[in-house]
Amino acid sequence: MSNLLRGLLSKLCVCFYLSWSMYVPSLGREFDVATNHWLVETTHDGGEELARRVARETGFTYIGPVLGSKSEFHFIHGGIPHARSKRSLTHTRQLRAHPQVRFAYQQSGYMRVKRGYKDPHKLLSNNKQHISLKAKPRLPKDPDFGKQWHL
């Protein structure tokens, strides 16, 4: 009886894991890429002066407003690599703890993957085989076909 329960429990765990993995976006990838860029929203309309002050007090570099917004700004931190596998919770918490910051989010990046080397001779031979299998194109039987002009 205990073997039957163990089997059912293990099958249930596998089903739960498979159903859960469909709803987790980053599970299919090896890891997400976190950048050293942050989107920061200030509490009130203080403009660029407030954003520059917040960046200076928290150790970030002020880049500029986001699409001309008066409350959303782009910050960069120089002490973090431009692409890494883990988010920097300490820097995000440091920004969020500031009294003039309403929201701070570390921006995600993209994983760059080299596609690999393809032998040109093999590609050309495959292309020649593919062309030889195709039917030869025939000209239409219209006697005035050669007199037509194309756009």
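The side chain of His98 makes a polar contact with the side chain of Glu57, at 2.5 Å. This is a predicted model. His98 sits in the loop between H3 and S5. The side chain of His98 also has a polar atom 3.2 Å from the backbone nitrogen of Gln100.

| Partner of the His98 side chain | Distance |
|---|---|
| Glu57, side chain | 2.5 Å |

Is His98 buried or exposed? Its relative accessible area is 9%, under the 20% cut-off, so His98 counts as buried. Leaving aside neighbours within four places in sequence, His98 is in contact with Val54, Glu57 and Thr58.

**Helix H2**

Helix H2 covers residues 47–58. Its 12 residues should span 16 Å at 1.5 Å a residue, and the end C-alpha atoms lie 17 Å apart, which agrees.

The buried residues of H2 are Gly47, Leu50, Ala51, Val54, Ala55 and Thr58. Seen down the helix axis, they fall within an arc of 135°, so they line one face of H2. An α-helix has 3.6 residues a turn, so residues three or four places apart point the same way.

What do the buried residues of H2 pack against? Their partners are strands S1 (34–42), S2 (61–65), S3 (72–76) and S5 (101–108), together with helix H3 (89–97).

The face turned away from the buried side carries Glu49 and Arg56, both exposed. After H2 comes Gly59, with a positive phi near 90°.

Conventions:
Residues are numbered from 1 along each chain as its sequence is written. This is a predicted model: local features need pLDDT of at least 70, side-chain atom pairs count only at pLDDT 80 or more; totals for chains, interfaces and linings use all residues. Side-chain values use heavy atoms; hydrogens and water are left out. Helices (H or I, at least four residues) and strands (E, at least two) are DSSP runs, numbered from the N terminus. The expected span of a helix is 1.5 Å times one less than its number of residues. Buried means under 20% relative accessible area, exposed over 50%, partly exposed in between (1.4 Å probe, protein chains only). The arc is that of the directions from the helix axis to the C-beta atoms. Contact means heavy atoms within 4.5 Å. A polar contact is a pair of N or O atoms within 3.5 Å; within protein, one must be able to donate a hydrogen and the other to accept it, and residues adjacent in sequence count only if both atoms are side-chain atoms.
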